[in-house]
Amino acid sequence: MDIRPSIYRIALVSMVVASLLSCNAQKGKKQGEHALRVSRDELYADSAMAANMQSLKQIFYSMPSPLETALILKRAGAGYNGSLLNSIDNVSRYTTIRSMALNLGIYSTDLSYASLFDQTQTTISYMAATKKMAEGLGILNAIDEQTIRHLEENVNNRDVIMETIPETFLNTNSILEEDDRVAVGSIILVGGWVEGLYIATSLVADPTKADKEFVCRIIDQKFSIESVIKLLEQNSSNEDVKAVFDDVLEIKQVFDQMQIVTSDIEIIPDSSTNVTTLRAQNTTTVNPTLFAELKRRVATMRTKYTS
Amino acid sequence: MKSRIHILLVFSLMLLLPALGHGQCKNFAKKVCRLELSPYIHDGNYNAAILTEGEEAELFKTFYAGQEYRMAVCGSESLPKVEFTVMTVDRKVIYSNASNGYASNWTFNVEATQQLIVVVKVPSAASSSDDDELCSGCVSIMFGLKIDA
């Protein structure tokens with residue numbers, strides 16, 4: 001007897017059952033979704049395992065998203081300079097997983113930067129570029145035609161733009177995590193972060209003459225680079241991550257020579273606004289030579305990623 | 001033959017169940033937790049995990065000077081109320097939702113750029129020792145940004 005048709009039938013039934021479970025999972029809380037029950041006996045099969053449960057704490061390193069990066073730039077006083085964006089004509093150059101992931105991050109920061117400065121046509125063009133990168137990475141549903149159409153139809157509606165952009169990032173990140181491709185997600189974030197650093201440093205010709213607050217926000221990236229390193233270390237078995245990691249270390253070497261002295265934090269709640277202020281002061285020393293070296297290394301890295 | 005079919009069945013389910021968990025988490029983050037951020041704009045990052053009663057997770061993030069943030073920490077309905085604590089890197093507690101009625105969000109601004117740690121804990125439910133089961137569910141940490149008009 002040929003057993004193959006039966007096996008296929010069983011496999012098909014398993015997949016249908018699982019897909020039905022997935023559909024049910026999306027129907028809302030009433031059906032008690034998002035819950036898994038595990039018996040204590042199964043979980044704590046022995047005391048050693050119970051001890052391990054305590055040590056297996058999940059750690060996340062959250063980097064600034066492309067939208068946050070662009071917002072930091074704007075809030076610190078950056079102006080808009082469209083010539084700094086990675087040209088969308090370069091899209092066809094990116095054919096490897098690494099280059100597509102990096103440039104998905106780069107274009108995402110560019111589109112966030114353009115959108116915050118109300119550059120509507122550029123925003124739509126760069127959304128299309130991110131769509132191409134996402135498709136190349138096999139993230140087909142993250143940014144679809146409907147998203148682009150929705151942006152075009154609401155080109156003057158800032159609320160819609162500000163809702164759509166983070167939603168596409170969220171879709172991209174969550175789909176990658178779902179597909180067990182967290183390493184690719186980390187490369188995208190690094191691409192976005194480097195682009196923010198590139199735009200910021202390019203806007204400063206001379207740190208001694210530039211707006212002090214703006215320069216301080218750039219040097220504040222010393223805090224974020226620690227998260228960048230940790231995030232990449234979590235995915236260090238991936239060859240593409242290894243390559244990016246080496247580049248990030250080049251930048252870290254410069255940040256390591258920069259000093260930020262932090263004060264204690266004073267917590268000031270405001271019951272009328274429900275917004276708590278964390279009062280503190282950082283003292284940042286800017287060395288023009290080091291700043292120039294940072295700018296040079298960031299530009300080299302960004303050229304490597306976009307060419 | 002039956003054993004081969006069983007193995008295939010088990011493997012199919014093993015392959016698909018993790019995706020089911022992640023899919024649940026994604027939808028939970030998008031459709032439930034993100035709403036907690038309103039009117040702040042979600043930053044676009046996805047931080048979510050399946051946690052079991054008694055488990056903790058930590059998130060390290062840099063918050064930038066001059067920016068106002070709202071963070072939301074949400075757990076599935078099946079879980080006990082999720083606790084979250086915001087600490088400095090030297091583990092000094094800045095905020096604990098346990099001291100604030102287990103609020104699911106907290107809004108703050110930072111005058112100087114800070115790296116902070118968000119510690120999320122799913123407490124053990126009081127009843128769980130009786131029914132001999134531990135509950136797992138999705139826990140999501142999301143950040144919203146205040147964007148000036």
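**How we know what we say**

Tutor: Happy to. Start with burial: of the 307 residues in chain A, 49% are buried. Buried means under 20% relative accessible area, exposed means over 50%, and partly exposed lies in between, using a 1.4 Å probe and protein chains only.

Student: What should I know about the model and its numbering?

Tutor: This is a predicted model, where local features need pLDDT of at least 70, side-chain atom pairs count only at pLDDT 80 or more, and totals for chains, interfaces and linings use all residues. Residues are numbered from 1 along each chain as its sequence is written, chains are lettered from A and ligands numbered from 1 in the order in which they are written, and side-chain values use heavy atoms, leaving out hydrogens and water.

Student: How do you know how confident the predictor is in chain A?

Tutor: Look at pLDDT, the predictor's confidence in each residue, from 0 to 100. Chain A averages 84, and 82% of its residues score at least 70. Residues 10–36 of chain A are below 50, though, and the model gives that stretch 34 contacts beyond near neighbours in sequence. A contact means heavy atoms within 4.5 Å.

Student: And what is the mean pLDDT of chain B?

Tutor: Chain B has a mean of 85, with 79% of residues reaching 70 or more. Over residues 13–20 of chain B the pLDDT is below 50, with 8 contacts there beyond near neighbours in sequence.

Student: How do you know how H13 of chain A compares with its expected span?

Tutor: The expected span is 1.5 Å times one less than the number of residues. Helix H13 of chain A, residues 288–306, has 19 residues and reaches 27 Å from its first C-alpha to its last, close to the 27 Å expected.

Student: Why do we say that the buried residues of H13(A) line one face?

Tutor: Among the buried residues are A:Leu290, A:Phe291, A:Leu294 and A:Val298. Seen down the axis, the buried residues of H13(A) fall within an arc of 155°, so they line one face of the helix. That arc is taken from the directions from the helix axis to the C-beta atoms. They pack against helices H5, H9, H10 and H12 of chain A.

Student: Why is A:Thr306 called buried?

Tutor: A:Thr306 has a relative accessible area of 7%, so it counts as buried. This residue is found in H13 of chain A. Leaving aside neighbours within four places in sequence, A:Thr306 is in contact with residues including A:Asn86, A:Tyr94 and A:Ile106.

Student: What makes B:Gln114 count as buried?

Tutor: Its relative accessibility is 7%, so B:Gln114 is called buried. B:Gln114 is found in strand S8 of chain B, residues 114–121. Beyond neighbours within four places in sequence, the contacts of B:Gln114 include A:Ile265, A:Ala280 and A:Asn282, along with B:Lys61.

Student: How much of chain B is buried, then?

Tutor: Of the 149 residues of chain B, 60% count as buried.

Notes:
Helices (H or I, at least four residues) and strands (E, at least two) are DSSP runs, numbered from the N terminus.
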